[in-house]
Amino acid sequence: MPSTNDQNFNDSKLIERLRDKKTCREAFGDVLKIYSEPLYWQIRRMVENHDDTNDILQNTFMKAWSSIEQFRGDAKLSTWLYKIAINESITFLNNKRKRNNISIDDESSMLINSIEADTYIDGDELKLQLRKAIAMLPEKQRLVFNMRYYDEMKYEQMSEILGTSVGALKASYHLAVKKIEQYFDNLD
Amino acid sequence: MKSQDILSEINHQSGMTVPDGFFDEFNKRMAENLPVQEWEKEQPVIMPRTFWQKVRPYVYMAAMFMGIWCMMKSFDMMRGDSPLPIEKNDQLVSAINNDAFFNDYFVPAVSETDIYDELYDEGFDPSMLDTTEID
């Protein structure tokens, strides 16, 4: 996850190039190179399937490209892209739940099925169990835990992306960690 | 193992993988398939107007008025009561000055009596005539 001062400087130069119609397309190519991987992992942790992630990532960048004129550069480029990616992922999960007649309470079982069917894994059982434990969390806690634990994202940036106060995010992360510990305790 | 230690041991790794070269291929494919933005479409090149293009409408309009004027003049000349004076018509003037033409086409239409009456009215005296010249 690019978050250093250098990255901020590069971001502002990138935004300048994005706003110039002559360099916009070329600059968007650089956006793809910088953000396709972090966004991929963010989406993949939410939907737990490589092919679905591929589709959602494409939609994310298509939406970003089609609304590039509306991006004024007030927010960080990464914040804007993460927001689009998360909204696309949530919409995808809601549609999938509706298609399969699954209630919101059973979303965890839908995700666990996806985890078990996933073929692109390194085979580490402990990591697989952690993914299942995360899948048991409510949607918002799952998001917060993924961003904080895997991406090591700062609470301030999470707050900008999710529109939630830093205090609420800290509490949410703490609660998620407790639930995961409890999950592993129950396994023993 | 304590559950608190599990998160440390996993060390922020999800265990998920992607196919080899996935991101390079994705970025390439995505960049190629980005639709053309409105501003990227070719704008028609507007050439500067030449002097002729600027004055052309006025020239055409003037030509049209000239044409109408010529047409009306032609109709006017074709009218029977045209005010155009005979002396300005070279053809008519030469025809009148030509005695042969005058005698052949104009004189026979006037009776000799009328000519004598007109002469007498103007004070013509036949004795003044040089008869020798007639003979």
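**View 1. Chain B, overall.** Chain B has seven helices and zero strands. The model is predicted: local features need pLDDT of at least 70, side-chain atom pairs count only at pLDDT 80 or more, and totals for chains, interfaces and linings use all residues. Residues are numbered from 1 along each chain as its sequence is written, while chains are lettered from A and ligands numbered from 1 in the order in which they are written. Helices (H or I, at least four residues) and strands (E, at least two) are DSSP runs, numbered from the N terminus. From the N terminus, chain B reads α-α-α-α-α-α-α. Of its 135 residues, 3% count as buried. A residue is buried if 20 or more other C-beta atoms lie within 10 Å of its own, exposed if 12 or fewer, and partly exposed in between; C-beta atoms are placed from the backbone.

**View 2. Helix H6 of chain B and the residue B:Gly123.** H6(B) spans residues 112–121. The helix is hardly covered: among its 10 residues, the count of buried ones is zero. B:Gly123 follows H6(B) and has a positive phi, near 85°.

**View 3. Chain A, overall.** Chain A holds nine helices and zero strands. Its pattern along the sequence is α-α-α-α-α-α-α-α-α. Of the 188 residues of chain A, 29% count as buried. Two residues are in contact if their C-beta atoms, placed from the backbone, lie within 7 Å. Among contacts in chain A between residues at least 6 apart in sequence, 61% join residues at least 24 apart.

**View 4. The side of chain A that touches chain B.** Here 29 residues of chain A are in contact with 19 residues of chain B. At least two residues each come from H2 (24–47), H3 (50–66), H6 (125–135), H7 (139–150) and H9 (166–187) of chain A. H2(A) gives the largest share, nine residues. By class, this side of chain A has 12 nonpolar, four polar and 13 charged residues. Ala, Val, Leu, Ile, Met, Phe, Trp, Tyr, Cys and Pro count as nonpolar, Asp, Glu, Lys and Arg as charged, and the others, Gly among them, as polar.

**View 5. H2(A) against H3(A).** The two axes come within 9 Å and cross at roughly 135°. H2(A) is therefore oblique to H3(A). Angles under 35 degrees count as roughly parallel, over 145 as roughly antiparallel, 65 to 115 as roughly perpendicular and the rest as oblique. Axes are lines fitted to C-alpha atoms, for helices over the stretch in contact, and angles run from 0 to 180 degrees between N-to-C directions. Residues of H2(A) in the contact include A:Phe28, A:Leu32, A:Leu39 and A:Ile43. Those of H3(A) include A:Ile56, A:Leu57, A:Phe61 and A:Trp65. The contact has 10 nonpolar, four polar and two charged residues.

**View 6. H8(A) against H9(A).** H8(A), residues 155–162, packs on H9(A) at about 105°, with the axes 9 Å apart. H8(A) is thus roughly perpendicular to H9(A). A:Tyr155, A:Glu156, A:Met158 and A:Ser159 of H8(A) meet A:Val166, A:Leu169 and A:Lys170 of H9(A). These residues divide into four nonpolar, one polar and two charged.

**View 7. A:Val166 in helix H9 of chain A.** A:Val166 is exposed, with 12 other C-beta atoms within 10 Å. Leaving aside neighbours within four places in sequence, A:Val166 is in contact with A:Tyr155, A:Glu156 and A:Ser159. A:Lys154 is 12 residues from A:Val166 in sequence and 9.5 Å away in space, C-alpha to C-alpha.
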